[in-house]
Structure formats: structure tokens, C-alpha cells
Amino acid sequence: IALYAVYSLLLSGQRQPAFNRTGLVLIYVFSFSSLFLFSLFEPGYDADGSIRVVGISSFSTSGLRSAGMWLKALLAIYLVGATVMFMRRLWGQICLMKIIARGEKIFRDGYTIVVSDDRSMATFSWWKYIVMNRSDFEEGADMVIAHEQSHLAARHWIDLLVADFALIVQWFN
């Protein structure tokens with residue numbers, strides 16, 4: 001969250017897509033590796049170099065069972081949340097595929113314009129498709145198509161997939 005706040009304040013207004021993309025990818029990498037990185041700074045030895053050994057003369061296994069139950073409960077909650085986010089993403093992909101399948105297709109150089117009769121739908125691009133409503137298309141949408149072509153050329157749909165993956169894995173964040 002802190003890194004995204006820094007990104008929003010410093011980078012989101014910049015018109016340097018490659019630089020912004022790199023910043024976002026680094027935020028993802030750091031957030032996924034942060035647990036590992038922070039464990040590196042937790043020494044397993046005392047300041048004099050000797051290894052700490054904890055002696056256990058007697059212990060109760062009920063505390064271990066209780067901790068195990070909590071860990072299982074947290075894991076179950078995590079998996080439910082990740083599953084919900086995955087299903088949400090899957091549903092969105094199915095809806096997107098339906099829009100593309102139902103629309104009129106106009107094939108161009110390396111991409112396809114999909115014209116939909118849904119007037120409320122805003123223009124967007126995904127993978128090799130530019131999807132737009134019929135009224136926008138008929139009003140001479142050369143500038144809009146050129147804009148969406150730049151998104152396709154930069155493969156911004158990959159950025160969206162990476163962001164969706166991060167959202168599924170770190171839905172709690």
C-alpha cells in the first residue's frame with residue numbers, strides 16, 4: 001500500500017509508459033518477496049556470534065494444536081478469498097469473450113475491431129481486439145482507434161493480467 005501511494009503521487013501523472021510499467025512491476029516483485037526479504041534481517045544468532053538455543057524442559061501440546069487450528073483457519077480464509085477473486089476474474093473474462101463473440105468483427109493489420117450494439121459500453125482494447133460501440137465507430141473513430149492501437153502495441157493487456165494475478169494472490173492487501 002505504501003509503495004502504491006508513492007507510485008500514485010510520483011509516477012501516475014507521468015507520460016512515460018515504460019517507466020511507469022517498470023515501477024508497477026517492481027512494486028509487485030517487492031510485495032511478493034517482502035516476507036522473504038524481511039526474514040533475512042531477523043538474525044538467528046546473538047550479537048556475539050553464538051547461536052541461540054531455546055531449551056524446553058516441558059511443554060504442553062495443546063498450545064501447538066491451538067496454533068495449528070488458527071493457521072488452518074487463516075489458510076482457509078485466504079484460499080476462500082483467493083478463490084473468490086479468481087472466480088471474479090474468470091467471470092470477467094467470460095463476459096469479455098461473449099462481447100467479442102457477439103460483436104461485428106472488422107479485421108485490420110494485426111488486430112480486430114469489434115463493434116458492439118451496446119451503446120453504454122466504452123471503448124477498450126484487450127489482447128488483439130479493439131472493442132467499441134456502434135455509434136462511436138460510425139462517428140469516425142480514427143483517433144480513438146489510434147489511441148487503442150497504442151495500447152495494443154504496448155501490450156497493456158499483459159499489465160492487466162499481471163495486476164489481476166497480484167490481486168488474486170494478495171486479495172487481502
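Partly exposed, in these notes, means between under 20% (buried) and over 50% (exposed) relative accessible area. I need that cut-off at once: Arg21 comes out at 29% relative accessibility, so I log Arg21 as partly exposed. I also keep in mind that I am looking at a predicted model.

**Entry 1: the overall layout**

I started with the chain as a whole. I find six helices and four strands in the protein chain. Reading along the sequence, I get the pattern α-α-α-β-β-β-β-α-α-α. The chain has 173 residues, and buried ones make up 21% of them.

**Entry 2: salt bridges**

How many salt bridges does the structure hold? I get four.

I went back to Arg21 and looked for its partner. The side chains of Arg21 and Asp159 meet in a salt bridge, at 2.9 Å from N to O. This pair links distant parts of the chain, since Arg21 sits in helix H2 and Asp159 in helix H6, 138 residues apart. Asp159 has 26% relative accessibility, so I put Asp159 down as partly exposed too.

Next I checked Arg89, which forms a salt bridge with Asp164; their closest N and O atoms are 2.4 Å apart. Arg89 belongs to helix H3 and Asp164 to helix H6, so this pair ties together parts 75 residues apart in sequence.

Then I took Arg134 and Glu104, a salt bridge with the closest N and O atoms 3.0 Å apart. Here helix H4 (residues 134–138) holds Arg134 and strand S1 (residues 104–107) holds Glu104, so the pair ties together parts that are 30 residues apart in sequence. I looked up the accessibility of both: Arg134 is partly exposed at 25%, and Glu104 is partly exposed at 38%. Which residues do salt bridges with shared partners join into one network? I find Glu104, Asp117 and Arg134.

**Entry 3: the largest pocket**

The largest pocket comes out at about 1,000 Å³. Of its 32 lining residues, I list those closest to the centre: Tyr4, Leu24, Tyr28, Asp159 and Ala163. So Asp159 turns up again, the partly exposed residue at 26% relative accessibility. Which elements each supply at least two residues of the lining? I noted helix H1 (2–10), helix H2 (17–40), S3, H5 and H6.

I picked Leu152, in helix H5 (residues 142–153). Is Leu152 buried or exposed? Its relative accessible area is 13%, and the buried class runs under 20%, so I call Leu152 buried. Leaving aside neighbours within four places in sequence, I find Leu152 in contact with Tyr111, Ser125, Trp126, Trp127, Lys128, Tyr129 and Ile130. I looked up one C-alpha distance here: Leu152 and Ile130 are separated by 8.3 Å, and they are 22 residues apart along the chain.

Thr112 was my next stop, in strand S2 (residues 112–116). At a relative accessible area of 5%, Thr112 is buried. With neighbours within four places again left aside, Thr112 is in contact with Lys105, Ile106, Phe107, Lys128, Tyr129 and Ile130.

**Entry 4: backbone angles**

I place Trp127 in the loop between strand S3 (124–126) and strand S4 (129–133). At 45% relative accessibility, Trp127 counts as partly exposed.

Arg155 also goes on my list: its phi is near 55 degrees, positive in a residue other than glycine. Arg155 lies in the loop between H5 and helix H6 (156–169).

**Entry 5: a nonpolar patch**

Which residues make the nonpolar patch of about 490 Å²? I noted Phe86, Met87, Leu90, Trp91 and Ile94. Phe86 is found in helix H3 (residues 61–102). With a relative accessible area of 43%, Phe86 is partly exposed.

Notes. Residues numbered from 1 in each chain as written. Predicted model: local features only at pLDDT ≥ 70, side-chain atom pairs only at ≥ 80, totals over all residues. Heavy atoms only, no water. Buried < 20%, exposed > 50% of the residue type's maximum accessible area, 1.4 Å probe, protein only. Contact = heavy atoms within 4.5 Å. Patch = residues over 30% accessible without salt bridge, like charges linked within 9 Å, V, L, I, M, F, W, Y side chains within 5 Å. Areas by Shrake-Rupley, 256 points an atom, 1.4 Å probe, with all protein chains shown as cover. 1 Å grid on protein atoms, 1.4 Å probe; cavity = no way out; pocket = protein on both sides within 12 Å on 5 of 7 lines; lining within 4 Å. Points joined across faces, edges and corners; volume = space filled by probe spheres on them.
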